[in-house]
Amino acid sequence: MNKTLLAEFTAREGAEAEVARLLLDYARKVREEEGNVAFDVYTKASSPRAYWIFEVYRDEDAFQAHLKAPYGGPFNAALAPLIEEDASVLTFLDPVT
C-alpha cells in the first residue's frame with residue numbers, strides 16, 4: 001500500500017527565493033528515489049509563502065528509505081531557519097475506498 005503524506009510549512013518573509021531553490025533541488029533528488037511515486041511542490045495561491053508538498057512512496061519501506069537518504073538531513077537543516085514553523089508539519093493520508 002502506498003505511503004502518502006502532505007508536508008506543510010511557511011517561508012519566512014524574504015526567504016521565498018531561497019526556499020524555492022532548496023525545494024526544487026531536493027525535489028529533483030527525491031523523485032529519483034526508487035520508491036518515490038510523487039513529490040509535488042505547491043504554494044498556496046492566496047498565500048505564496050505557504051508551501052504544500054504532496055508525497056507518495058511505494059510503501060512503508062520506500063518511505064523509510066527516503067527518511068534515511070543522505071541529502072534529507074542537510075536539506076532540513078538548511079530549511080529550518082527559513083521557515084516559520086519549527087519543522088514541516090506532516091499529515092499522513094489514507095485513501096478513501
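**View 1. α3 and the lining of the largest pocket in the predicted model.** Helix α3 is the top contributor to this lining, giving five residues. The helix spans residues 72-79. Other elements that supply two or more lining residues are β1, α1 (16-31), β3 and α2.

**View 2. The space inside the largest pocket.** The pocket holds about 360 Å³. Its lining comprises 22 residues. Closest to the pocket centre are Tyr-26, Phe-75, Asn-76, Ser-88 and Leu-90. What is the class make-up of the lining? Nonpolar residues number 15. Five residues are polar, and two are charged.

**View 3. The open sheet.** Four strands build the sheet, in the order β2-β3-β1-β4. The pairing is antiparallel. Which strands stand at the edges? They are β2 (36-44) and β4 (89-93). Each edge strand has a single partner, so one of its sides has no neighbour in the sheet. On average, neighbouring strands are turned by 20° against each other, with direction ignored.

**View 4. The β1-β3 pairing and the helix packed on the sheet.** Strand β1 covers residues 3-10, and strand β3 covers residues 47-57. The two run antiparallel and are joined by eight bridges. Within this pair, Thr-10 faces Ala-50 of β3. Helix α2 (residues 60-67) packs on the sheet. The strands touched by α2 are β1, β3 and β4. The direction of α2 makes about 130° with that of β3.

**View 5. The β2-β3 hairpin.** Strands β2 and β3 form a hairpin. How many residues lie between the two strands? There are two. Eight bridges connect β2 and β3 in the antiparallel sense. In one of these pairings, Ala-38 has Val-56 of β3 as its bridge partner.

**View 6. The chain as a whole.** The chain contains three helices and four strands. Read from the N terminus, the order of elements is β-α-β-β-α-α-β. How does the radius of gyration compare with the globule rule, and what follows from it? The radius is 13 Å, close to the 13 Å that the rule gives for 97 residues, so the chain is as compact as a globular protein of that length. Along the principal axes, the C-alpha atoms fill a box of roughly 40 × 30 × 20 Å.

Technical notes:
Residues numbered from 1 in each chain as written. Predicted model: local features only at pLDDT ≥ 70, side-chain atom pairs only at ≥ 80, totals over all residues. Heavy atoms only, no water. Pairing = 2+ DSSP bridges. Axes fitted to C-alpha atoms, helices over the stretch in contact; angles between N-to-C directions. Contact = heavy atoms within 4.5 Å. 1 Å grid on protein atoms, 1.4 Å probe; cavity = no way out; pocket = protein on both sides within 12 Å on 5 of 7 lines; lining within 4 Å. Points joined across faces, edges and corners; volume = space filled by probe spheres on them. Nonpolar A, V, L, I, M, F, W, Y, C, P; charged D, E, K, R; others polar. Rg over C-alpha atoms; globule rule 2.2 N^0.38 Å.
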